Amino acid sequence: MSQWTDTIRQISGVDPRKCMKCGKCTATCPAYDHMEYHPHQFVDMVTTGRVEELMASKGIYTCLTCFACVERCPRSVEPAAIIEAVRLAVIRQQGGNHMTPDQIPGLLDEELPQQAITSALRKYSKGG
Amino acid sequence: MTYSYFPGCTLKTRGKDLDTWGRASMEALGIHLEELPQWQCCGAVYPLAKDEIGSRLSAVRALAAARDLGTPLVTLCSACHHVIKRTNYDIRHDALFRDRANNYMAPDTAYQGEAQVLHYLEVLRDHVGFDTLAKKVVKPLTGRKIGAYYGCLLLRPSKAMAFDDPENPTILEDFIQAIGAQPVFYAQRNECCGGYVTLEDPSLSQARAGAVLHNAAAQGADTLITACPLCLYNLQKNGGKLPVVYFTELLAEALGLKEVPV
Amino acid sequence: MQMNQEFKPTIVAFCCNWCSYAGADLSGTNRLQYPANVKIIRIPCSCRLNPMFILRAFQRGADGVILCGCHPGDCHYTTGNYYARRRMTLLFSLLDYMGIERQRTRVEWVSAAEGAKFAATMNDFVDTITKLGPNRRLEDLRCKSE
Amino acid sequence: MQRIGVFVCWCGSNIAATVDVVQVAQALAKEPGVVFATDYQYMCSQAGQDLIGAAIKEHGLTGVVICSCSPRMHETTFRKTCQKAGLNPYMVEIANIREHCSWIHKDKPTATEKAVILGRAAIAKVHLNAPLTAGTSPVTKRALVIGGGIAGIQTALDIADAGFPVDIVEKKPTIGGKMTQIDKTFPTLDCAACILTPKMVDVSQNEKIDIISYAQVEKVQGFVGNFSVTIRKKARYVDESKCTGCGLCTEKCPQKKVPNEFNLGLDTRRAIYIPFAQAVPKVATIDPDYCSMLKSGKCGVCAKVCAAGAIDYKQQDELITREYGAIVVATGFEPIGMDKFDEFAYAQSPDVVTSLELERLMNAAGPTGGTLLRPSDGTHPHTLVFVQCVGSRCDGGEKGKPYCSKICCMYTAKHAMLIRDKYPDTEVYVFYIDVRTPGKNFDEFYRRAVEEYGVHYIKGMVGKVTPQDGKLKVQASDLLGGRQLHIDADMVVLAAAIEPDKSARPLATMLTASMDTNDFFTEAHPKLRPVESPTAGIFLSGACQGPKDIPETVAQAGAAASKVIGLLSKDALTCNPCTAQPDELKCNGCSSCENVCPYGAISYIDKPFRGPNRTTLIRRVAQVNPAVCQGCGACTVACPSGAMDLQGFSNKQIMAEVDAICR
């Protein structure tokens, strides 16, 4: 079991062992086609200690945080919280930021709401 | 009747239509929305990590200010509502977070979750009443077929948000009926539009927005309404031809406050 | 506070035969742990608990007393737990009056199916009493003169 | 001074692994009054019981303490043992050192110390025990069965077969229950109606069985052998003795738009109706919510067409009070509501149905005459998606149930198989988490659905159903295939979890029968007494105790009947001698005890007492009827003068236990 398993459980406050592997999270996930690993695999990989593989995956930035998996999970596992915890485990490492403030001007367009930029920065960087 | 009001950053800039018509309509319905003095960003995104205290503090600050004023705190932007409502839920249900938040901020009186957070729509439903609203409509939107787009943030997770049935909500449809239009029910109304990754993965945003708009159009909607600036942006930019507007715009039209666009 | 590490409180738990005693049995069957400080006395119904028993326990050195009965509405004898609830409310004021900390007596409803709740309740109660420290012992002066 | 024997049981390693039993016996041997103490591997075994008996005789024991498992387990066993050895059975006390000690502690010295204290408390109590003699009470030789589904029917038939009269109370207008709505039964595929309706006829023709339909239990008093039950027979506005069941009224009634609950609202019925052709009793019932005669006094068509003159708009609810010796609960189950699961679009599309609704859509007596048609447009469906475990196996309370509903895997396999058999042009998908088929010929049945009938079983769950363009767009996971599936389905069938009938909870309160957190009735012992409630005289039959399929229900129904027969065969029952007793010298006749007694066991008599100087004083004192007293002890605490005490749990005994624990 990797040391990360406990870290992820701590950050997310979720117990992945409650998962009964029904796959409803993955069935309901609107970002499925764009993900390397899928919600039920996130949960399983955290349980079985394969967190480093997850941390190396681009898929952790694809989660839409739409809470559909959280709402529909029959076992209150909250896959979205686990995905965010893995993302944070990466970002909190030195040089782990996925986004920096100087990238922002290039992403802007006229209509983009401020809230999108603020939230992206907060989600993807340390201490954002 | 006066309520505290938290507009949030976007409603002051890109999302002015949501704010302007929202306020004007409430005035017309006899409710004054008093902007919270010196409000700061809500935090923009609710952190799912249990150990992130700092990013929830600005929401606690707004909540404590509303508590001090003694009036319910009304929000309009879905994102602000989500962050503030969930933070209030955490304060009420997570003793560790409550203690730590109060330790950080050291307010005169510890904030214990006393404030009541209401979404604008909840004020319409529970305080004004859709029946009363219907009576005050001067230009009913008769003949319009409008689809409600709820998105994610208002409804989920239902335990903390307690806004409406998370799978079969009706508040926006009841609203549409109250302003004289015909609501169009479609299953994708509570599915994600993909707005969250609009910077990260535009192709995913496009796929999602397309699915939502296609389903709404297939069920006969001529317009979609939303309460979320990011959804509006994303559905307009990445979606299709179906017009998407803020629900407050149609409210203002129905109340005769806003010119009906030709 | 130093002595708290050493302090092992004596706790008497009165359990009604039909729900809570069975709930305690179930927590045993499920091997759910709670401290050995808790000693259970079986009574037919929570309404059998005479408040005198609690005072007697405090006289004899108990640090905490807990009464467990069927959930309101589920009493085997229909209304016994309602009587118990009312009597205990009165006893609580008496204990307040006497200066015995409120946390030292507790009433909980535990059904026969709630083994986990029984264990959790006992863990929590023992924890509370341990933090409170030893009880100020009530004394029966009649016994002293003997 | 008592002469007490202490017997410490090892319970194999259950106790002995964590409690040093030898040390416990040695420590307790030093307690005052203890003349003998020993330990043994299995005290409840024949050898163990013999050991106790021999010790009683050899040492002239007057009291016995057994340190063993819970008294709820073996108190009766050990009381009998002592009785055989000539000791009063109520001179036995059990110290529970298994459930309350060895099983909940890991540290041996700690557990041993606690076991000694528990033993000491039992010794202290037994010092104050007094021999008690149980009285007897008579048995009313009639049984009540609550619920007229297959469980209630089978129980009633079996009891009646043994010669005892039985009443069935059914809340619906007809008996038959859920099984009447089912089309075929697994795993044999025989038709439910063909095996159920003959039994319903048997019930109606059995002289020993009285069906009280359209009725509910309103009040239960008394105790085992002597229940008095009040039943409210609702007004059906039709005289049951006159109605011939011809059905003319149900054809002529002008109110045609009443949702037909028998077909789960998939079609309509009239305001006066007979639920289905084989109903028992076959009598019409007027639905007061829809009958315009009852609502506004206008109409009266049914009365006009009824040749038997059976219609009676003025009929009132009737209260029936009867005496019973035993009560059987057979209240059954309901599928849970689907309103919390609208990701499956149940509220949005009529083509999303529950499995029970599908039964009606496939039944020859159903709304479509047995042809499977889409409820939305009456067309033939080509693609069907079954979703398993909807609301079963959920964590977190509000949304679903934590348990497996047990029957869904099999009926879904049955549905899938029947559809593929009858309509080979269909594609049938079943989304499952696990396929659970323990049961005779069950797994073989499921495999046939896959192998012979080509049903697509996919491990995964459906996440979202989107009605669009006349189709149901199903988004699901295929976990073994590692993909997200998108299926355009014509119908979606939800295997809704089952829950106890809503009437069960208030009934349990009336019966003082315990329930678990899911509102299933609790059995007296989960393994050894599965058809009895912990409340004496109350028996459990069918799904009210837990999810069950038909064969299991019938088996349990028969078992409950045999327990009832065993009870009703007795002429008298031994009463619990642990009853309240007043000390007449202390009693001041205040009535406090009488007011709190839930059984009305306390009355007052004027009794002569000797006064000073040879005078006689007449005083009003309490008197307890030991046959009625159940021994709760409410009166003992209510008594202001401390006159009332409970035998077997006296104030002194409990105080002695407190003292021993706090010593």
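So, what covers the buried residues of helix 8 of chain A? The cover includes helix 6 (79-91) of chain A, together with helix 3 (78-93) and helix 10 (229-238) of chain B. Helices here are DSSP runs of H or I with at least four residues, strands are runs of E with at least two, and both are numbered from the N terminus. Before I go on: this is a predicted model, where local features need pLDDT of at least 70, side-chain atom pairs count only at pLDDT 80 or more, and totals for chains, interfaces and linings use all residues. Residues are numbered from 1 along each chain as its sequence is written, and chains are lettered from A and ligands numbered from 1 in the order in which they are written.

Back to helix 8 of chain A, residues 114-124: 9 of its 11 residues are buried. Buried means 20 or more other C-beta atoms within 10 Å of the residue's own, exposed means 12 or fewer, partly exposed is in between, and the C-beta atoms are placed from the backbone. Among the buried ones are A:Gln114, A:Leu121, A:Lys123 and A:Tyr124.

Now the A–B contact. On the chain B side 34 residues are in contact with 33 residues of chain A, where contact means C-beta atoms, placed from the backbone, within 7 Å. Helix 9 (202-218) and helix 10 of chain B each put at least two residues into that side, and the largest share, 4 residues, comes from helix 10. By class, this side of chain B has 18 nonpolar, 7 polar and 9 charged residues. For the classes, Ala, Val, Leu, Ile, Met, Phe, Trp, Tyr, Cys and Pro count as nonpolar, Asp, Glu, Lys and Arg as charged, and the others, Gly among them, as polar.

And which pair of chains shares the most contacts? That's C and D, out of 4 pairs in contact. Chain C doesn't touch chain A, with nearest C-alpha atoms 17 Å apart, and it doesn't touch chain B either, where the figure is 16 Å.

Last stop, chain C. It has an open sheet of 4 strands, order 2-1-3-4, with parallel pairing; two strands pair if DSSP finds at least two bridges between them. Strand 2 (38-43) and strand 4 (105-109) are the edges, each pairing on one side only. Strand 1 (residues 11-16) runs parallel to strand 3 (residues 64-69) over 5 bridges, and C:Ile11 stands opposite C:Gly64 of strand 3.

Terms used
Two residues are in contact if their C-beta atoms, placed from the backbone, lie within 7 Å.
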